[in-house]
Amino acid sequence: MVESGFLVFPNIDPVIFSVGPLSVRWYGMMYLVGFVAAYMLAQKRLSQTNWTREQLSDLLFWSFVGVILGGRIGYVLFYQFGMFVDDPLYLFRIWTGGMSFHGGLLGVIVALFWQAKRMQTTFLQIGDFVAPLVPIGLGAGRIGNFLNAELWGRTTDVPWAIIFPAAGSEPRHPSQLYEFALEGVLLFAILWLYSARPRPVGAVGGLFLLGYGCFRFFVEYFREPDRQIGLYPMGLSQGQLLCIPMIALGAGLMIWAYKHTASATNKNQ
């Protein structure tokens, strides 16, 4: 529907269908799509490792658990800490919504450290394998945000602006789609192509941290800041502050990976 020259977001039911007390929601479905797609792509590169299919399944399963647990805990601590202090049980009210990518990332890191020990390999090697798979879930999640008409952008008058009724009558950037394009599609293409050839251990994981951090930092300028937090000095959002250490760590990890490889090569000559 078009209103005043701008698109109006349609009234999409967040529930796809219900079976008794069980409701299947778009956002949950997007998580499932991302997990299945990541598993299928991981199978394609399993031959590049010495892991079994069972080990791969365990790795991806516990990574998914890390995303869910870390995402919820991170959201509460990073974005709703005051509410958590007032009511600690808020942490467990997952039906109210609220997930944080940065929290999910920390959850995955914990899972990868644990799996690396079980699989008798290194954290960086596992990280390099998993990193190209992550943007698939990120992209699917942003589509879920869009279908839920949540996490909308700042007000604007660009021709492709959308009026999200829950956000008022002003047209806004469809920042969910910006994130889908950058954090999902483009980041996946970059990482998948980059990791198709042998790279120094840690370089692929470093590129993921650097790439996501830069893309998210950029899109935050178009995304509506969290109402309960607002903007910090220099106009930075909470998401941008959380991306700064990601960018620094990603760049540092890539530099270390290439220097470490060059150093090892020189010693062997």
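This is a predicted model: local features need pLDDT of at least 70, side-chain atom pairs count only at pLDDT 80 or more; totals for chains, interfaces and linings use all residues.
## Salt bridges, a kinked helix and a nonpolar patch

Asp87 has 25% relative accessibility, so this residue counts as partly exposed. The partner of Asp87 is Arg93, and their salt bridge brings the closest N and O atoms to 2.4 Å. Arg93 is likewise partly exposed, because its relative accessibility is 27%.

How many salt bridges does the structure hold? There are 8, and three of them are set out here.

| Salt bridge | N to O distance |
|---|---|
| Arg93 and Asp87 | 2.4 Å |
| Glu179 and Arg216 | 3.8 Å |
| Glu220 and Arg223 | 3.7 Å |

As a general point, side chains of opposite charge can pair when their charged atoms come close.

Let us turn to Glu179 and Arg216, whose side chains meet in a salt bridge at 3.8 Å.

Next comes the bridge between Glu220 and Arg223, with 3.7 Å between the closest N and O atoms. Glu220 has 4% relative accessibility and counts as buried; Arg223, at 8%, is also buried. Through shared partners, salt bridges connect Arg142, Glu179, Glu183, Arg216, Glu220 and Arg223 in one network.

Helix α7 deserves a look of its own. Its 20 residues should span 28 Å at 1.5 Å a residue, and the end C-alpha atoms lie 26 Å apart, so the two values agree. The helix also has a kink of about 30 degrees, centred on Leu187. Leu187 is among the buried residues of α7, a list that also includes Glu179, Leu182, Glu183, Leu191 and Trp192. In an α-helix there are 3.6 residues a turn, so residues three or four places apart point the same way.

Finally, on the surface, a nonpolar patch is formed by Leu69, Ile73, Leu77, Phe81 and Val85, which together have about 470 Å² of accessible area. Which helices each supply at least two residues of the patch? They are α2 (53-79) and α3 (81-86), with the largest share, 3 residues, coming from α2.

Methods. Residues are numbered from 1 along each chain as its sequence is written. Side-chain values use heavy atoms; hydrogens and water are left out. A salt bridge is a side-chain nitrogen of Lys or Arg within 4 Å of a carboxyl oxygen of Asp or Glu. Buried means under 20% relative accessible area, exposed over 50%, partly exposed in between (1.4 Å probe, protein chains only). Helices (H or I, at least four residues) and strands (E, at least two) are DSSP runs, numbered from the N terminus. The expected span of a helix is 1.5 Å times one less than its number of residues. The bend at a residue is the angle between axes fitted to the seven residues ending there and the seven starting there. Patches are made of residues with over 30% relative accessible area and no salt bridge: like charges are joined within 9 Å, nonpolar side chains (Val, Leu, Ile, Met, Phe, Trp, Tyr) within 5 Å. Accessible areas come from the Shrake-Rupley method with a 1.4 Å probe; for residues, only the protein chains shown count as cover.
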